[in-house]
Amino acid sequence: MAPELGFPEGSVTARLPAPARFVLGAGILTGFAALGEGLVAWAGWPLPGPVVGMALLWAALGLRVVRLHWLREAADGLLGVLGLLFVPATVGVIQFLSAGAAWGAWLLVLVAGLLVGAGVAGVVAARLVRPEGGPG
């Protein structure tokens, strides 16, 4: 049963029922997110706590402190509803869309500055990288 589900042979996780595996994975994910929040609050870093938590989880996975099959059920469940997780952010953007209209001139200035700056940087880079003995 274990190898076809992606669990190592003799894994205790493979013998758990699916709901228990989900709770285990969700607990680990939530724990690392909380650990990241706590670390950011303690250190005063200007970073999102869950991002720091996911970096810590990545390190723990790389060091094999946490096994990927522990997280599989929860990760698959979250990926299944990922689109729904963006609904609040989309509603917030749409709610404040009219406020963005007042900033249209500033947005135009920013985009124009970006394009002019990128164009100047491209011309300067093209002149600096010209091969020796080439045209020009």
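Q: Which residue forms a salt bridge with Arg21, and how far apart are the closest N and O atoms?

A: Side chains of opposite charge can pair when their charged atoms come close. In this predicted model, the partner of Arg21 is Glu73, and the closest N and O atoms of the two are 3.2 Å apart. A search of the whole structure finds one salt bridge.

Q: Is Arg21 buried or exposed, and what is the relative accessibility of Glu73?

A: Arg21 has a relative accessibility of 9% and therefore counts as buried, the cut-off being under 20%. Glu73 stands at 26%, so Glu73 counts as partly exposed.

Q: How should I read the packing of α2 and α4, and at what angle do their axes cross?

A: Two packed helices are described by the angle between their axes and the distance between the axes. Here the axes of helix α2 (residues 18-43) and helix α4 (residues 68-80) cross at roughly 85° and come within 7 Å. Because angles of 65 to 115 degrees count as roughly perpendicular, α2 is described as roughly perpendicular to α4. On the α2 side the contact is made by Ala18, Arg21, Phe22, Leu24, Gly25, Ala26, Ile28 and Leu29, and on the α4 side by Trp70, Leu71, Glu73, Ala74, Gly77 and Leu78. Sorted by class, this contact has ten nonpolar, two polar and two charged residues. Between these two stretches of chain, the C-alpha atoms of Pro19 and Glu73 are separated by 8.3 Å, although the residues are 54 apart along the chain. Pro19 lies in helix α2 and is exposed, with a relative accessible area of 58%.

Q: Which residues make up the largest nonpolar core, and which element gives the most to this core?

A: In soluble globular proteins, nonpolar side chains tend to be buried together. The largest nonpolar core in this model has eight residues, namely Ile28, Leu29, Phe32, Leu57, Ala60, Val66, Leu71 and Ala74. Helices α2, α3 (49-62) and α4 each give two or more residues to the core, and α2 gives the most, with three.

Q: How many helices and strands does the chain have, and what percentage of its residues is buried?

A: The chain has eight helices and zero strands, so that its pattern, read along the sequence, is α-α-α-α-α-α-α-α. Of the 136 residues in the chain, 15% are buried. Among contacts in the chain with a separation of 6 or more, 48% are between residues 24 or more positions apart.

Methods
Residues numbered from 1 in each chain as written. Predicted model: local features only at pLDDT ≥ 70, side-chain atom pairs only at ≥ 80, totals over all residues. Heavy atoms only, no water. Axes fitted to C-alpha atoms, helices over the stretch in contact; angles between N-to-C directions. Helix = DSSP H or I, 4+ residues; strand = E, 2+ residues; numbered from the N terminus. Parallel < 35°, antiparallel > 145°, perpendicular 65-115°, else oblique. Contact = heavy atoms within 4.5 Å. Nonpolar A, V, L, I, M, F, W, Y, C, P; charged D, E, K, R; others polar. Core = buried A, V, L, I, M, F, W, Y, C linked by side-chain atoms within 4.5 Å. Buried < 20%, exposed > 50% of the residue type's maximum accessible area, 1.4 Å probe, protein only. Salt bridge = Lys/Arg side-chain N within 4 Å of Asp/Glu carboxyl O.
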